[in-house]
Amino acid sequence: MWTLRKTANLLRARGKYHNALKASAGRLGNREGNATRSSFTGKSIEDDVVGLAERNGSIPARGISHCHCQYPKFAELGRWFASQAGSADNGASDAAENGFSELDAPADSTEDHADPYLSEAEVHTEEVHNASPLYKTVLNCNNKELFSSLERWLADGNVLTRGEVIVTFVQLRKRRMFRRLLKLSDWLEVKKTYKLTERDYSARLDLIARILGSLKAEKYFESIPLDMRGPRVYGSLLAYYSSANNVEKTEEIFKKIKGEGFALTAFYYNQLLLLYKRLNKKNIQVVLQRMEDDGVKPDITTYKILIDVKGRIGDIGGMEQVVENMISEDIELDSEIRALLARYYISAGLAEKAEVVVKELDNDSSKDKRSVLKMILPLYAALGKTNEVERIWKDLESFPTLFLDEYIAGVEAWGKLGHLEKAEITFEKLLNSGKVVSAKHYNALLNIYADHHLLLKGKELVKRMSDNGCEIDPPTWDALIRLHVNAGELEKAVSILCKACNQKQLRPKYRTLVTILEKYAERGDIANAEKIFDRVRQAGYTGSAGAFESLLQAYANAHVPAYGFRERMKADNIFTNGRLYNLLQQVDAFKNDTVREILD
């Protein structure tokens, strides 16, 4: 376990860590400093505070300096965010979107909805959930067989209790088996074995929203008894709208929560932070302002979100400032935060700093060792530590049985190291484990094939996936598109993209779209580059400096002036960075060439 002193020394780059930082500085160059300056520098965002206040009336239209907070260290952090807000991230976050997939936060990170059943009063140990007959029954059958399997389970003399249901919900949520959970919830609705509580309604509302969408969720919400529409139910609705990037609905539900007089907790503000982390980082300070005004103490999830914001835009100094603030508030860094720090150190090219953090995690015996092993496996792979990956994988295989997500971690780690044969062997072990496999598990190997330009192998895997009854999901479509782009089949990739968007309501990943855009830019194909740029905007990735750079590169390579480009950038609040400035100068020169041609 890290002591506070060791953590503080580590993150202030002193002692042994200082040497690691110096060794990394040469490779990093000015990148970290530039990212820090370009991320949240420039004008104050008091205007954003005023604008948001005028829209919903929930906060006073005044700057953060006027606020009096009972949590002074957090207030200081809020002022610090405000002082650095302005020019947004302008491409640093694009880079994170574009090249961070192998190191993405785990599925149960801050991006996930809170579990309605998980509280300190209802924490169930590994031994309890492994011994749960209901959990085993639901886990070991497919969705089509679930109802009949549950009826047989009851016929065998098993008793359905609320405790069994809670164990099953908590554990299947951790595995992200939401469709299976919704089917179980449907069955429980029919059985009506016990009186439902607000938590039960909240859990079902969350599942309906996730799987069936907002209209079904709102209809179910209206059917919930009035005395059960408490803070947990509203919290589930808030979390859903936040995850769906619906600003209007998220703000509306937040306002209702305040209007109902529910006790305000960090959970509600965290949903706003998650929303604006994705859509408008300048409003993060607005949310921090709200927390201060309402006297709500931040929790560890709040800090995780702020660390993630800074890490994604490459502001390593800012990320460490958030951590130092946590330490000063005596909030202990858990394993998730340390893994998050390591991922962003790796992304920033600070391998030595990352390795120190990973080794601390590796040597920490006070936590659940198995979960830590799965956490550090991809980190060692990203650091290129083959021997460590082999050791960790051997430790995982020593357990009587492996979980599906552990198999996936192994496949991805071997793929990251370029050991394709070992990745394939691990994948075959997964298929032969007797566990129910979904598209998500095939996607792990498919992404590796895409990264290594193995078109034929990728196609064979997708056929095998289809033959085994797995439905092609949005991540599979994204992997297929990248597979064809990387193999040089650009037109086929675009065809797949169009079909997926039209038929499956797919929201393509940012890096998928930009990969196609960059290929058209290389060709100087302005017409198709503009079409893909429109797709980028339609998918909700507005304010992306990286996409503008790629589009402008198409004009540069075609030796054609880009009329009105600065106005387009201004409309999307894009600030001119070094690369954009150079490209603009380059294409502006073509205007003079055009005039000369006319005069000649």
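This is a predicted model: local features need pLDDT of at least 70, side-chain atom pairs count only at pLDDT 80 or more; totals for chains, interfaces and linings use all residues.
Reader: Why is the contact between Arg 391 and Asp 362 called a salt bridge?

Author: The cut-off is a side-chain nitrogen of Lys or Arg within 4 Å of a carboxyl oxygen of Asp or Glu. Here the N to O distance is 2.4 Å, so the pair qualifies.

Reader: What makes that pair a tie between separate parts?

Author: Arg 391 sits in helix α23 and Asp 362 in helix α21, so the bridge joins parts 29 residues apart in sequence. The two also belong to a network of salt bridges with Lys 369 and Glu 388.

Reader: Is Asp 362 buried or exposed, and how do you know?

Author: Buried means under 20% relative accessible area. Asp 362 has 9%, so the label is buried. Arg 391, at 32%, falls between 20% and 50%, so that residue is partly exposed.

Reader: How do you know what to call Lys 463 and Asp 467?

Author: Exposed means over 50%. Lys 463 has a relative accessible area of 54% and Asp 467 has 55%, so both count as exposed. Their side chains meet in a salt bridge at 3.1 Å, N to O. Both lie in helix α27, four residues apart, about one turn of the helix.

Reader: And what makes Arg 464 and Glu 428 a salt bridge?

Author: Their N to O distance is 2.8 Å, and the limit is 4 Å, so they pass. Arg 464 is in α27 and Glu 428 in α25, so this pair ties together parts 36 residues apart in sequence. Arg 464 is partly exposed at 34%, and Glu 428 is partly exposed at 28%.

Reader: Why do you say the buried residues of α9 line one face?

Author: The buried residues there are Leu 146, Ser 149, Leu 150 and Trp 153. Looking down the axis of α9, they fall within an arc of 100°, so they line one face of the helix. They pack against α8 and α11. The face turned away from them carries the exposed Arg 152 and Ala 155.

Reader: What makes up the lining of the largest cavity?

Author: Nine nonpolar, two polar and four charged residues. Glu 189 and Asp 200 are among the residues nearest the centre, and Asp and Glu count as charged, so these two fall in that class. Leu 188 and Leu 196 also lie nearest the centre; Leu counts as nonpolar. Helix α12 gives the most to the lining, with four residues. The volume of the cavity is about 150 Å³.

Note on methods:
Residues are numbered from 1 along each chain as its sequence is written. Side-chain values use heavy atoms; hydrogens and water are left out. On a 1 Å grid over the protein atoms alone, a cavity is a set of points where a 1.4 Å probe fits but cannot get out, and a pocket is an open set with protein on both sides within 12 Å along at least five of seven lines; lining residues have an atom within 4 Å of a point. Grid points are joined across faces, edges and corners, and a volume is the space filled by probe spheres set on the points. Helices (H or I, at least four residues) and strands (E, at least two) are DSSP runs, numbered from the N terminus. Buried means under 20% relative accessible area, exposed over 50%, partly exposed in between (1.4 Å probe, protein chains only). The arc is that of the directions from the helix axis to the C-beta atoms. Contact means heavy atoms within 4.5 Å.
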